[in-house]
Amino acid sequence: MDELDTPVLDNHLHLDPEHGRGMDAVRDFVRLGGTHLLVVNKPSWHLGPVPSERADFRTAFEATVDAVADANEILPGEAWPVLGVHPGLISHLVDEGHEPEAARELMQSGLDLAAEYLADGRALALKTGRPHYEVSDAVWDASNAVLKHGLALGAEHDCAVQLHTEGTDDLTEVAEWAEDRGLAAEKVVKHYAGGELAGPTPSVMSEKDRLRVAADAGEPFLMETDFVDDPDRPGAVLGPKTVPRRVRWLLDAGHDDAVANAHVETPERVYGIDTVGTLDSGE
Ligand SMILES: [Zn+2]
């Protein structure tokens, strides 16, 4: 196993032991020096039919909680679930004939269910957002209402909220929505981010050019792959070895501060997790 002498957290990936690589992906991550994972549930329509009621979200949530339990047997550190509703669901629901308002209600009920896992200590954070592609005004408004509901639930449970949004380096308006509801802007995390972001905390896709920008900026950031663990889309995103590889690359370039930022300080600030204290002693 490659020793990097630091916790190494992938802040956003998916594990699908039933259809994908599952624990083999975790073993690859660990072999390269990875230690901690935030595992996000797959979109519910990837694991079954498009949900039509709140209970339909439970399948994806339970699969994620189970995968995290298995990953915890393998990792030298720890894994935690991030549960929520993928914003792209609204388009699937509208395509099936739902009004945007009805889709909003269903998606909010899915977030309410995810929040029950937060309240029980079975999940670390919520996931919500809005489409990254063109949609009608009605769908956009309904999506923003879902997003705001997620922020309110994050505030209520004092938990971080990961966002899937359009590509942008400025989400100050969303950060204000969070603050208005009592959730600190830093506890809002934009997944699939570039190296710099105004407003929430960026979870930077672990490509070298993006990481260079984040390391030079010196602002709080996280690192992720968005590994989808989907056998039908093998090259869709970065693989599970990427974060430990990029940590080694950052250390070799003398960016020790950036590594401590993304893998120790920012995880503590955003999620309240102790990536050093949860590491096995390595004896
Ligand atoms: Zn993802």
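A residue is called buried under 20% relative accessible area, exposed over 50%, and partly exposed in between (1.4 Å probe, protein chains only). The model on view is predicted, and local features need pLDDT of at least 70, side-chain atom pairs count only at pLDDT 80 or more, while totals for chains, interfaces and linings use all residues. Residues are numbered from 1 along each chain as its sequence is written, and side-chain values use heavy atoms, with hydrogens and water left out.

Because Glu 62 lies in helix α2 and Arg 122 in the loop between α4 and β4 (125-129), the pair ties together parts 60 residues apart in sequence; helices (H or I, at least four residues) and strands (E, at least two) are DSSP runs, numbered from the N terminus.

Next, select the zinc ion, whose protein donors are His 12 (NE2), His 14 (NE2) and Asp 226 (OD), lying 2.1 to 2.2 Å from it. Donors here are N, O and S atoms within 2.8 Å of the metal (3.2 Å for Na, K and Ca), and since water is not among the atoms, sites may look incomplete. Is His 12 buried or exposed? At 0% relative accessibility, His 12 counts as buried, and Asp 226, at 10%, is buried as well.
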